[in-house]
Amino acid sequence: MSVRGQVVALARSLADVLAVVHRIGIALEWEEAGATPLVEWQGGGFHVWRKRR
């Protein structure tokens with residue numbers, strides 16, 4: 001994962017994505033993760049990641 005162009009973490013699941021987002025101070029829930037412009041999904045999109053939950 002990158003934040004403002006800087007690599008900050010490797011996410012292997014949606015839980016990893018949400019943990020990093022929460023750590024940087026953004027309150028984002030499972031249901032919001034696919035619709036927010038704050039997250040750019042690569043490699044399959046939100047629905048692929050969500051299945052790994």
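Leaving aside neighbours within four places in sequence, Arg 23 is in contact with Val 8 and Ala 9, where contact means heavy atoms within 4.5 Å. Arg 23 belongs to helix H1; helices (H or I, at least four residues) and strands (E, at least two) are DSSP runs, numbered from the N terminus. With a relative accessible area of 60%, Arg 23 is exposed. The terms used here are buried for under 20% relative accessible area, exposed for over 50%, and partly exposed in between, with a 1.4 Å probe and protein chains only. Arg 23 and Leu 38 are 15 residues apart in sequence, and their C-alpha atoms are 14 Å apart in space.

The model is a predicted one, in which local features need pLDDT of at least 70 and side-chain atom pairs count only at pLDDT 80 or more, while totals for chains, interfaces and linings use all residues. Residues are numbered from 1 along each chain as its sequence is written, and side-chain values use heavy atoms, with hydrogens and water left out.

Helix H1 also has a buried side. Leu 14, Val 17, Leu 18, Val 20 and Val 21 are the buried residues in H1. Seen down the axis of H1, these buried residues fall within an arc of 160°, so they line one face of the helix; the arc is that of the directions from the helix axis to the C-beta atoms. Beyond neighbours within four places in sequence, Val 21 is in contact with Met 1, Ile 26 and Leu 28. After H1 comes Gly 25, with a positive phi near 95°.

What makes up the largest nonpolar core? It has 10 residues: Ala 11, Leu 14, Val 17, Leu 18, Val 21, Leu 28, Ala 33, Val 39, Trp 41 and Phe 46. Such a core is a set of buried Ala, Val, Leu, Ile, Met, Phe, Trp, Tyr and Cys residues joined through side-chain atoms within 4.5 Å. H1 gives the largest share of this core, 4 residues.

Ala 11 sits in the loop between strand E2 (6-7) and H1, and is buried, with a relative accessible area of 15%. Its C-alpha atom is separated by 6.4 Å from that of Met 1, 10 residues apart along the chain. Leu 28 is found in the loop between H1 and H2 and counts as buried at 5% relative accessibility. Not counting residues up to four places away in sequence, Leu 28 touches Leu 18, Val 21, His 22, Ala 33, Thr 36 and Val 39. Between the C-alpha atoms of Leu 28 and Phe 46, 18 residues apart along the chain, the separation is 13 Å.

Thr 36, one of the residues touched by Leu 28, is in the loop between helix H1 (14-23) and helix H2 (46-51). Thr 36 is buried, with a relative accessible area of 16%, and its side chain reaches the backbone nitrogen of Leu 38 at 3.1 Å.

The largest pocket holds about 530 Å³ of space. Its lining has 20 residues, of which Met 1, Ser 2, Leu 38, Val 39 and Glu 40 lie nearest its centre. On a 1 Å grid over the protein atoms alone, a pocket is an open set of points where a 1.4 Å probe fits, with protein on both sides within 12 Å along at least five of seven lines, and lining residues have an atom within 4 Å of a point. Grid points are joined across faces, edges and corners, and the volume is the space filled by probe spheres set on the points. Strand E1 (2-3) and H1 each supply at least two residues of this lining, and the largest share, 3 residues, comes from H1.

Definitions and conventions:
Polar contact = N/O pair within 3.5 Å; in protein donor to acceptor, adjacent residues only side chain to side chain.
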